Amino acid sequence: MSYTAQYLQSESAAQGVEVIVLVNCMIQDAIRLAASDLHIEPWQNSVAVRARVNGVLCEVAHVPAEFLDKISARFKVMANLVTYQAGMPQDGTIISGPELENVQLRVSIFPTTRGEKIVARLFDPRDRRFDIDGLGLENDSLDKLKHVLKRTSGLLLFTGPTGSGKTNTMYSSLCHIIQREGSAVSVSTVEDPVEFNLPMISQTQINPSQEFTYALALRSIMRQDPEIVMVGEIRDPETAAIAVQAGLTGHLVISTIHSGVSAGAFTRLINMEIEPFMLCSSILGVMGMRLVRRVCEQCAQVYNPERSLLKLVPPELIPNAIFRKGTGCEHCTNTGFSGRLPVTELLVVGEPFREAILKKMPTRALEEIAIENGMKTLWQNGLYRALTGQSSLDEIIRVLAADMI
């Protein structure tokens, strides 16, 4: 039973619920579950408390609807927001103390027809190690990524949906460079927001309300004599143009861009009116990322997937496959999964691929050329995770259904 549910059923709550204790119980539940996000949402007859654990939302508790306003007010106080404003979105940060294990929460409060919805993203200070070798990347992808990070100029892009590990991988890449070069290299970042403070790196947070945008920050940061620049996201043509130009003029630029697969990043940039010859000269590689849940080692068992799922697996691979899934235990809170694994595809730009970009080939054709030149796709690497029992076949298909080839 969750801390929140236990408190609501306790004798002290029967005498009168203390909202401070109630909110602390909600946050403690999220910490105990190692959740990335805590959702507090007004439903028809109650306030649902849910946590995103290993990328999947799960119900934690239900709180009587009459407590919503007090819960919202408490979060606003903790995040130094305007307590009397209820009809407008608000964002803030909570720095907790030892009673909540010193976690940092980025709070978003959003008005709905039933009241305010609260979502808090958790950052655990105990989990602030950015080790590129500890990310769990496939050996081939890790070796190629380290090779690209040795380059002194060019653009390295990461792509994937929200919560796919892009920021963690970029931070780990920067720390890898710092460990390798020490104080001999100047590294600057432009982010929205700055999620963790990194040693020996100058980090800047944009502020669109004061017209301090990615484009403005990136243009100005070029005068700061950096060798490596990290840009949180390429969102618009202006930022894209400056990032590409920086990659051409002796800077290693690391950033993210939203596209379905790695090859799609080139089509997206061309749609932003970046000339193909500029992309050929500047982009070093694009890494597509997804996160899949790892099978719990405490309750993992060998199983035979459904026939409909096995049809997606090449027949020659099935005899040597070790399909596993967790049955659920106390260690994994009966989910069958514990932690997550990255599934990646790293497209390193070579000469055949450059020629295809110049011809403005569609994404599908670019992807086929990348595969012919040695790129392992998201589906191929994800399937390997399932065949070796690291994750279940059901989970791989759930996450990578749109990326299967």
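In strand S12, Met 287 is the bridge partner of Phe 158. Before going further, a word on what you're looking at: this is a predicted model, where local features need pLDDT of at least 70, side-chain atom pairs count only at pLDDT 80 or more, and totals for chains, interfaces and linings use all residues. Residues are numbered from 1 along each chain as its sequence is written, and side-chain values use heavy atoms, with hydrogens and water left out. Strands (E, at least two residues) and helices (H or I, at least four) are DSSP runs, numbered from the N terminus, and two strands pair if DSSP finds at least two bridges between them.

Back to S12, which spans residues 283-295 and is mostly covered, with 11 of its 13 residues buried. Buried here is under 20% relative accessible area, exposed is over 50%, and partly exposed is what lies in between (1.4 Å probe, protein chains only). S12 runs parallel to strand S7 (residues 154-159), and five bridges join the two. With S15 the sense is antiparallel, and 10 bridges do the joining. One spot to look for there is Val 292, whose bridge partner in S15 is Leu 341.

Take Leu 269: leaving aside residues up to four places away in sequence, it touches Leu 157, Ile 234, Ala 240, Ile 257, Ile 274, Leu 279 and Ile 283. In soluble globular proteins, nonpolar side chains tend to be buried together.

Phe 353 leads us to helix H12 (residues 351-358), where the buried residues are Phe 353, Ala 356 and Ile 357. These residues sit on the same side of H12 because they cover an arc of only 100° around the axis, the arc being that of the directions from the helix axis to the C-beta atoms. What do the buried residues of H12 pack against? Their partners are helix H9 (264-271), helix H10 (276-282), strand S15 (337-348) and helix H13 (363-372).

Follow the chain just past H12 and you reach Lys 360, which has a positive phi of about 55°. Lys 360 isn't a glycine, and its place is in the loop between H12 and H13. It is exposed, with a relative accessible area of 53%.

Helix H7 (residues 214-221) is worth a stop too: Tyr 214, Ala 215, Ala 217, Leu 218 and Ile 221 are buried. They lie on the same side of H7, since the arc they cover is only 165° around the axis. What they pack against is strand S8 (187-191), strand S10 (228-231) and helix H8 (237-248). In the loop between S8 and strand S9 (202-205) you'll find Pro 193, joined to Asp 192 by a cis peptide bond with omega of about -5°.

Next comes an open sheet of six strands, ordered S3-S2-S1-S6-S5-S4 with antiparallel pairing. Its edge strands, each pairing on one side only, are S3 (56-64) and S4 (90-95). From one strand to the next, the twist averages 20°. S1 (residues 37-42) and S6 (residues 115-123) pair in the antiparallel sense over four bridges, with His 39 opposite Val 119 in S6. Helix H4 (residues 68-78) packs on this sheet, touching S1, S2 (46-53), S3, S4, S5 (104-112) and S6, and its direction makes about 45° with that of S6.

H4 also meets helix H3 (residues 19-32): their axes come within 10 Å and cross at roughly 75°. Axes are lines fitted to C-alpha atoms, for helices over the stretch in contact, and angles run from 0 to 180 degrees between N-to-C directions. H3 brings Val 19, Ile 20, Leu 22, Val 23, Met 26 and Ile 27 to the contact, and H4 brings Lys 70, Ile 71, Arg 74, Phe 75 and Met 78.

Last stop: the loop between S4 and S5, which is the place of Glu 101. Glu 101 has a positive phi of about 60° although it is not a glycine, and at 36% relative accessibility it counts as partly exposed. Most residues other than glycine have a negative phi, and most peptide bonds are trans.

How values were computed: Contact = heavy atoms within 4.5 Å.
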